Structure formats: C-alpha cells, structure tokens
Amino acid sequence: MSSTVGEGKVVCVTGASGYIASWLVKFLLLRGYTVKGTVRDPNDPRKVDHLLKLDGAKERLRLIKADLLEEGSFDQAVEGCEGVFHTASPCFTDSIDPQTELIDPAVKGTLNVLKSCAKSSNVKRLVLTSSTSAVVFNGKPLSADVLVDETWFSSPDVCRDIKRWYGLSKTLAEEAAWKFAKENTVDLIALNPTYVIGPLLQPLLNESSAIISKLVKGQTYPNYSVGWVNVKDVANAHIQAFEIPSANGRYILVERVVHYSELVQILHELFPTLQLPEKCADDKPFMPKHQFSKKKALTLGVEFTPLDVSLKETIESLKEKNFINF
C-alpha cells in the first residue's frame with residue numbers, strides 16, 4: 001500500500017475517527033497524502049489518539065473541529081483539498097428519535113459538506129460513503145434469484161413503513177447529494193458498502209463489529225441474510241474511486257451474502273471454543289439469500305477479502321481490544 005501517489009496532494013476525510021474513516025486515513029497517509037480530518041472534538045483522546053499514532057500522522061495529518069449540523073463548518077477543512085471523502089454520518093439501528101439522531105445529521109451534514117466543496121476551487125471530486133441501505137429497500141422481495149445492482153435505489157416511503165431509520169437516513173442523504181451535485185456541477189461518487197467488518201483501529205465498538213460481538217455468547221441468531229465486506233477493502237475502494245479518473249456514479253461493495261446460520265457455522269469452524277448460538281430466533285423458513293452485483297466494484301480494482309478471513313480478523317481484533325473473551 002505504501003506509495004507516493006498522494007505526495008503533495010491534500011485531501012479531507014470527514015468523521016475521521018470512525019471505523020471506515022480510520023482505515024481510510026491510515027491508507028491515505030501510507031500513499032503520501034496530506035490529510036485534513038474532521039472530528040467533533042479534536043481534544044477527545046478516545047476519538048483521536050489512534051489517528052495520531054498512524055504512520056505519517058505527525059507530518060501529514062491535521063485534525064479540524066467540525067459539526068455536521070453547522071453550515072460552513074467544513075469550509076476550513078475542505079479549503080485547499082483536491083479530494084473530499086465524506087464518511088461522517090451517525091450509524092446505529094436503535095434510535096429513539098430518528099429525525100434528530102440519524103436523519104438530520106446525515107442529510108444536513110452531507111449538504112453542508114457539499115456546499116463547502118462547491119465554494120472551493122480546488123476540489124476535484126467528492127467520494128460519499130453511502131450504504132446498501134440506500135439500495136435494497138424499494139419494496140422488491142429479496143429472493144434467491146435476485147441480483148441487486150447500482151440501479152436500485154431505496155424508497156424513503158418503504159424505509160418509513162418498515163421503520164428502517166438508518167436506511168432512511170442514508171437514502172435521503174444520497175438523494176440530496178445527487179441533486180446538489182447535479183445542480184452545482186460537483187463530481188460525486190457514492191460507495192454503497194453492506195455490513196462492514198474486519199480489524200478495528202479505533203478503541204470504541206462500532207455498530208457492525210458489535211453485531212459480531214453480540215453473536216458471541218448469544219442465545220439465538222437472527223433469521224436474516226445479509227452481505228458482508230472487509231473494512232480495508234472499503235477504505236481502499238474510496239481511494240480508488242478518487243484516483244481513477246473514469247470512476248463515476250455508485251459502487252456496491254459486498255463480498256458475500258450469507259444467512260446468519262452460515263455466519264455462525266463459519267465462526268464455529270474458525271474458533272471451536274467460541275460460545276455461539278445454536279438456534280435461530282424464530283421457527284420460520286430461513287430468509288433467502290439475494291445476491292449483489294460485484295461487476296462495477298471490480299472496475300475499481302477492488303479485490304474482496306473472503307468472508308472467513310474478515311470474520312477471523314474481526315474476532316481477533318475484538319479479543320485484542322477486550323470486547324470479547326474466550
């Protein structure tokens with residue numbers, strides 16, 4: 001990964017302390033980029049210490065305070081940057097007040113970053129971290145013969161009906177981003193990863209890693225089929241999306257879709273001593289496994305890490321950081 005591709009180039013990463021963003025910052029620094037990372041509180045050691053320890057951070061990482069809900073907040077961070085990676089967005093599923101906790105920061109934050117980009121004469125491209133949650137919830141059944149691709153867009157109405165508030169936040173944010181980019185001629189690319197796992201750089205447990213930690217010592221597993229992708233592959237795809245001139249539109253990032261029963265089976269084979277659930281949460285037939293198209297992602301040069309490797313890395317990282325013990 002070490003390279004001089006980014007030497008002399010300045011880029012911005014919003015929400016730099018996050019799970020995907022931390023790996024993105026790490027890889028950008030390794031490629032020689034100077035990185036301006038935004039965080040809500042640059043003085044919070046739990047959020048920034050792991051970034052400040054990265055190779056090249058001392059010389060080429062600058063952390064800047066910014067707030068998603070504050071217009072103009074990103075002007076300073078974006079100024080002088082050739083590329084902007086907008087990863088900052090709340091990511092959790094248990095929400096008491098979805099509008100305040102998820103939707104406003106996602107939509108207003110995305111527009112505030114785009115407005116800062118539109119003001120700057122330097123920014124050549126904005127890479128937005130979206131989600132397959134902004135892809136799959138359109139009312140079509142996700143049956144075994146379905147291949148989901150980048151032409152799919154989630155419906156806000158469907159998200160509301162099924163109370164997928166995180167999905168709604170990502171859908172509305174991506175919709176707003178495409179509209180603004182078109183009206184203001186901003187070169188925008190959206191990346192749509194599914195559940196992201198792999199090693200953690202940050203000291204706090206993120207939402208997708210927490211799903212794996214909850215399976216350990218859990219009584220049951222959900223009757224659900226879902227896609228998975230390695231965090232390092234997602235971070236690399238962001239950089240490729242910025243560096244490849246012909247990159248455009250949206251890119252779904254999914255290595256493999258499995259039912260939770262398969263996930264538990266893989267974990268059991270990798271770590272026989274792990275205490276894992278033996279039965280499904282309900283007695284209904286298992287949810288079928290739809291597929292995601294990898295065709296467009298492969299044009300970015302993404303080489304997907306196999307799911308068993310990603311799961312092994314996740315468990316080892318969770319153990320190392322004392323989120324699980326076995």
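Student: Is Phe 27 buried or exposed, and what is its relative accessible area?

Tutor: A residue is called buried under 20% relative accessible area, exposed over 50% and partly exposed in between, with a 1.4 Å probe and protein chains only. Phe 27 has a relative accessible area of 7% and is therefore buried. Trp 23, at 7% relative accessibility, counts as buried too. This is a predicted model, in which local features need pLDDT of at least 70 and side-chain atom pairs count only at pLDDT 80 or more, while totals for chains, interfaces and linings use all residues. Residues are numbered from 1 along each chain as its sequence is written, and side-chain values use heavy atoms, with hydrogens and water left out.

Student: In which helix do Trp 23 and Phe 27 lie?

Tutor: Helices (H or I, at least four residues) and strands (E, at least two) are DSSP runs, numbered from the N terminus. Both residues belong to helix α1 (residues 19-30), where they are 4 residues apart, about one turn of the helix. Helix α1 is mostly covered, with 10 of its 12 residues buried; among them are Tyr 19, Ile 20 and Leu 24.

Student: How is a pair of aromatic rings described?

Tutor: One gives the distance of the centres and the angle of the planes. Rings of Phe, Tyr and Trp (its six-membered ring) pair if their centres lie within 6.5 Å; planes under 30 degrees apart count as stacked, over 60 as edge-to-face and the rest as tilted. The count here comes to 7 aromatic pairs. Trp 23 and Phe 27 form a tilted pair, 5.5 Å centre to centre with 55° between the planes. Ring pairs also link Tyr 33, Phe 85 and Phe 242 into a cluster.

Student: Where does a charged end sit over the ring of Phe 153?

Tutor: The rule requires NZ of Lys or CZ of Arg to be within 6 Å of the ring centre and within 35 degrees of the ring normal. The charged end of Arg 250 sits over the ring of Phe 153, 3.6 Å from its centre. Likewise, the charged end of Lys 319 sits over the ring of Phe 326, at 4.4 Å from the centre.

Student: Which residues line the largest cavity?

Tutor: On a 1 Å grid over the protein atoms alone, a cavity is a set of points where a 1.4 Å probe fits but cannot get out, and lining residues have an atom within 4 Å of a point. The lining of the largest cavity includes His 86, Ser 89, Thr 110, Lys 170 and Glu 174. Helix α7 gives the most to this lining, with 3 residues.

Notes
On a 1 Å grid over the protein atoms alone, a cavity is a set of points where a 1.4 Å probe fits but cannot get out, and a pocket is an open set with protein on both sides within 12 Å along at least five of seven lines; lining residues have an atom within 4 Å of a point.
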